[in-house]
Amino acid sequence: MPESRRPIRIGNASGAIGDGLDQVYRLARDGNVDAITADYLAEFNIAWKAIEMMDHPELGYEPHFLEQLAWKDGSAARLLSEKRIKVVHDGGALNPKGLAQKIQQYLHSKNITNLKVAWVSGDNLTSQVRETENSSYKHLDVPGLSQRGDDKKILAANAYTGYSGIIKALEEGADIVICGRCCDASPVMGLASWWHSWSSNAWDEIAGSLMAGHLTECGAYTTGGNYCGFQEIERQYRVGYPIAEIASDGTSIITKPERSNGAVTIDTVKAQFLYEIQGPKYLNPDVVARIDQGKLEEIGKDRIRLSGITGSPPPPTTKLAICLLGGYQAEISAYCAGLDCPAKVALMKSQVLRELDATEFTTLSIEPYGTSKHDPRTQAEATAQIRMFVQSEKKEAIEKFKKAVFYNGMQGYTGLHLAMDWRTMEPKPYVKYFPALVSQDEIQLGVSFVGGKSGIKVERKKGMEFGVFGGQESYETEKQVDLESFGETVRRPLGDLVFGRSGDKGGNANIGLWVRNPLAYPWLQSFLTLPRIKSLLADDYKPQYRVERFEAPNLHAVHFVVYGILQEGVSSSSIIDGFAKSFGEFVRARVVDLPRALVDEEQERRKRNVEKARTAKTVEMSVL
């Protein structure tokens, strides 16, 4: 391991399956990085892999990294070899050994023999869960709800693991480390801890690396992607992916390769900071990060410093992702246009439901999406979608759904037409996701090398201890200000003043909302109360949902988690946006009373920034 204690530079090459095809190559060529990580897993593709392994047990991994290695006829792999850049990622999914072997085969096919490939095992608890008599696992979020371990429908049960297996693999000389269902930030945490030789109870430093991993794990989400201020980004195409420079004290600088497209700004980083978090305490198997005092500081172009993160011992449990065969599902969309669209939706719904026995379905959803524009200039502007989505334990019920749709095709409303790909009405298996808790003592990680040592036991680090997690803190602001004190108001969309980013965690949606002007933050704190967010959700809010709120004052942000709004999670949800990506944009589109002075100032700032971006694009096009 290098003796230098300089910051380690860790680039991220992917935030999802299919993402960043050229990024291993570009980071290795241009990023001056010591290591590269990637995140390929989400709750939905773990479920897909469980289904895949029913027929193909040799698969179960995400193969995208193989394509990244092969970029430019293997140039990416050769750069890793020449520069000895470490690689750690979770692409092993349900079969990390299988992917590690495929990587070794590819490297050897290109005469690259100086890289040691290892995999970390132990997160897969499927057999353990199935075979433990009378086992039961408590739901992560819902009190009183549990899942029996001997349920025959269980396809996979994988624990979210920490960084200890990664550190062990690196200490044993691994160049490429393939993990299964490790936590998204664990590759960054493991690399930073290995590099700086942190003790296992260096809580603040480890917590800092956890948030550095969080800020980079979604790739382009930090450099301009999924950012509501996207019109201010000069070149939002083929963007550079994020790099975290993590110092020995756990603070970090978020940047990207020089001269790459996209941007790393206070707001692009803030958006990712607030994305898919659980509350003011960020839980991880190795640390609990206290994040509500986090601070972002611009120290140069495309260079944002993160500080203010503190840590404490982790809880003795970790998340256990249990995937169960839910049955079969199908869907089709119909479209209506022009006048009387609500009546057309109602007719379609009543006609289809008359032909079905609702007791044969676990889910039977017929919902409109979008509206017909007043005085439309095109048929597209006049058109709305009616999405019909069903789930059942029996294939036969899906066939009845298809017949019900066709039966009403000719006797429906004026202008009824269906999406032309009717294959979506064929029954396909779906997976139910049950996030549970499991004791960390039940997890035994191991490290193995392709063509080398195998089954190296990963011992718990000296000094490692567990703490008590008493739940997230949820509260209204302590600095309530009379909203009338902000002067004259104007009715405008909330997003004309407020930025936001939203995402999913199982069946829950989170949304972080922030303002850029510090003078607007007291208004935001006072305006965005728990009752207010419920009113903003309007017809989408249901009494059975639970809502939690906290503030991040250094970010001028207020954050909410809405429990249960995504049903049981994206792998089985009937909601079209099961990831809650647009959840925040819906809230920002709601028309409210905004302080005129504050919104005018923000709109003027945006106008300047957008014009600057447009000017840069015009100059670029003229050069081309």
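The model is predicted, so local features need pLDDT of at least 70, side-chain atom pairs count only at pLDDT 80 or more, and totals for chains, interfaces and linings use all residues. Residues are numbered from 1 along each chain as its sequence is written, and side-chain values use heavy atoms, with hydrogens and water left out.

**Overall build**

- The protein has 16 helices and 28 strands, where helices (H or I, at least four residues) and strands (E, at least two) are DSSP runs numbered from the N terminus.
- For 624 residues, a compact globule would have a radius of gyration near 25 Å, and the protein agrees with its 25 Å; this radius is taken over C-alpha atoms, and the globule rule is 2.2 Å times the number of residues to the power 0.38.
- Along the principal axes, the C-alpha atoms fill a box of roughly 70 × 60 × 55 Å.
- Of the 624 residues, 56% count as buried (buried is under 20% relative accessible area, exposed over 50%, partly exposed in between, with a 1.4 Å probe and protein chains only).

**A three-stranded sheet**

- Here you will find an open sheet with the order β11-β12-β15 and antiparallel pairing; two strands pair if DSSP finds at least two bridges between them.
- β11 (281–284) and β15 (310–312) are at the edges with a single partner strand each, so one side of each has no neighbour in the sheet.
- Neighbouring strands of this sheet are turned by 25° against each other on average, direction ignored (axes are lines fitted to C-alpha atoms, for helices over the stretch in contact, and angles run from 0 to 180 degrees between N-to-C directions).
- β11 and β12 (residues 287–290) run antiparallel and are joined by four bridges, with Lys 281 opposite Arg 290 in β12.

- Trp 422 sits in the loop between β19 (417–418) and β20 (428–439), and is partly exposed, with a relative accessible area of 39%.

**Positive phi in loops**

- Most residues other than glycine have a negative phi.
- Asp 340 has a positive phi of about 60° although it is not a glycine; Asp 340 belongs to the loop between β16 (317–337) and α11 (341–354) and is exposed, at 56% relative accessible area.
- Gln 567, also not a glycine, has a positive phi of about 60°; Gln 567 is in the loop between β27 (557–563) and α15 (583–589) and is partly exposed, at 38%.
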